[in-house]
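This report describes one protein chain, part by part. Please look at the sequence and the model before reading on.

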Amino acid sequence: MSFESIEIGKVAKVMSSKRIFAKEYVSEGIPFYRSKEVGELCRGEEVKTELFISKSRYDEIKEKFNVPEKGDMLLTAVGSIGNTWIVDDRKFYYKDGNLTQIKPSENLDVNFLNYFFKSNSFWRSISSNSTGTAYSALTISTLNKIKIPLPPLETQKLIAQILDDAAALRDKTAQLLKEYDLLAQSIFLDMFGDPSLNVKNWEKKKCGEYISYLADIGSNGANKVVSKKLVMTESEDYALMIRTTNFTKNDFKNNVKYVSKEVYDFFKKSQIFGGEIIMNKIGSAGDFWLMPKLDKPVSLGLNQFVIRLENIETLYFYYFLSTDYGRINIKSRINGVATKSITKTAVRDLPILVPPIKLQKQFAEKIALIEQQKALAKQELQESEDLFNCLLQKAFKGELV
């Protein structure tokens, strides 16, 4: 069943806010949201409000202009565009330019609209309306002209409910993964104590004493040689080129890069086999992950370190760095303002507490059991994510109901 497509501007009022100047900020009052706060709301996090305007200023704006009301939507329109939040009954105001306010008409279900902004149909529309090769901003004029497939209101609500159910299944599995991580952290603290206090008086050493191998892609040769030899493709080839996005999304099948066997063999000093610790050295410097064992050859991506260890349990090392103490120490060794970076020397200089290896092994055995359950949960999460995306794309092709 195909649906008639209608310009968003004909079924919703698309607006920006009245400009607020820095001198109008106050220490407490009505929260003032930016893209940052909307991002927190999208992720279901507690909003860390930093800016406020006075209630009298809010009331003045409300009397003369539109303020967001329950059932409206905020859409990030600059930078990381496309994040959405359906307004609840809280009072707040928002920053002009970075955010767009959308007030659906009675013929448009806001939940249906919300899912449209996550669909390929929406992103194709942005691309076709973009004057350049990239789209880093979404204007009100462009948004008004984007067409949305619009079935009858009751059908919109039915589609939104089906997608709600699929999203709930996905989110439930994602929450389970978080609980496994919390359990692992709890076991660590129970066995070894808080590293910042070190009440068990474990010996403190430098991580470098236990790092047997620390390399990046530059370890294979001069920058000019590396740049010439590093040829990646999106078409499946011999080896995966691992990237930060694969770790953050826990997805090693979609949105991946590949290299040929020739390239993989050339970059032999940065080949990955699973079980290593991968750390970002530039950008989101200091972020790190435990490399899973994949079913094909893997090559280290740009701007990353591979860390192999000796005389210490890798799982202990990883969870030690994951503590608040570990992360604070990593953060303190990161350099740069605009571009953050961390050096090999800084990684080796990180402090680590070293309990007896027997106790480390006991911890690793417990964590290995949790990791087995996490692996199953990750597989289930991928399946539920695939199901959600399949239903999402069908919804706006008229194939879902």
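## Burial and cysteines

A residue is called buried when its relative accessible area is under 20%, exposed when it is over 50%, and partly exposed in between, using a 1.4 Å probe and protein chains only. Cys207 has 0% relative accessibility, so Cys207 counts as buried. Cys42, at 34%, counts as partly exposed. A disulfide is a pair of cysteine sulfur atoms within 2.5 Å, and a search of the whole structure finds 0 of them.

The model is predicted: local features need pLDDT of at least 70 and side-chain atom pairs count only at pLDDT 80 or more, while totals for chains, interfaces and linings use all residues. Residues are numbered from 1 along each chain as its sequence is written, and side-chain values use heavy atoms, with hydrogens and water left out.

## Overall make-up

Helices (H or I, at least four residues) and strands (E, at least two) are DSSP runs, numbered from the N terminus. The chain has 14 helices and 20 strands. Its C-alpha trace spans about 65 × 50 × 45 Å along the principal axes. Of the 401 residues in the chain, 44% are buried.

Helix α7 covers residues 153-192, which is 40 residues. The expected span of a helix is 1.5 Å times one less than its number of residues. Gly193 follows α7 and has a positive phi, near 80°.

Most residues other than glycine have a negative phi. Asn198, in the loop between α7 and β11 (203-206), is not a glycine, yet its phi is positive, at about 50°. Asn198 is buried, with a relative accessible area of 17%. Asn311 also has a positive phi, of about 60°, and is found in the loop between β19 (304-309) and α11.

## Aromatic rings

Rings of Phe, Tyr and Trp (its six-membered ring) pair if their centres lie within 6.5 Å; planes under 30 degrees apart count as stacked, over 60 as edge-to-face and the rest as tilted. By this rule there are 27 aromatic pairs. One of them joins Phe116 and Phe396, edge-to-face, at 5.5 Å centre to centre and 65° between the planes. Phe116 is in helix α4 (residues 110-116) and Phe396 in the segment after α14 (357-395), 280 residues apart. Both Phe116 and Phe396 are buried.

Tyr318 and Tyr319 have ring centres 5.1 Å apart and planes at 90°, so this pair is edge-to-face. Both of these tyrosines are buried. They belong to one aromatic cluster, which also includes Phe188, Phe192 and Tyr325.

## The second largest pocket

On a 1 Å grid over the protein atoms alone, a pocket is an open set of points where a 1.4 Å probe fits, with protein on both sides within 12 Å along at least five of seven lines; lining residues have an atom within 4 Å of a point. Grid points are joined across faces, edges and corners, and a volume is the space filled by probe spheres set on the points. The second largest pocket holds about 200 Å³ of space.

Which helices each supply at least two residues of its lining? They are α7, α11 (314-322) and α12 (324-332). Among the lining residues are Phe188, Tyr319 and Tyr325, which are also members of the aromatic cluster.
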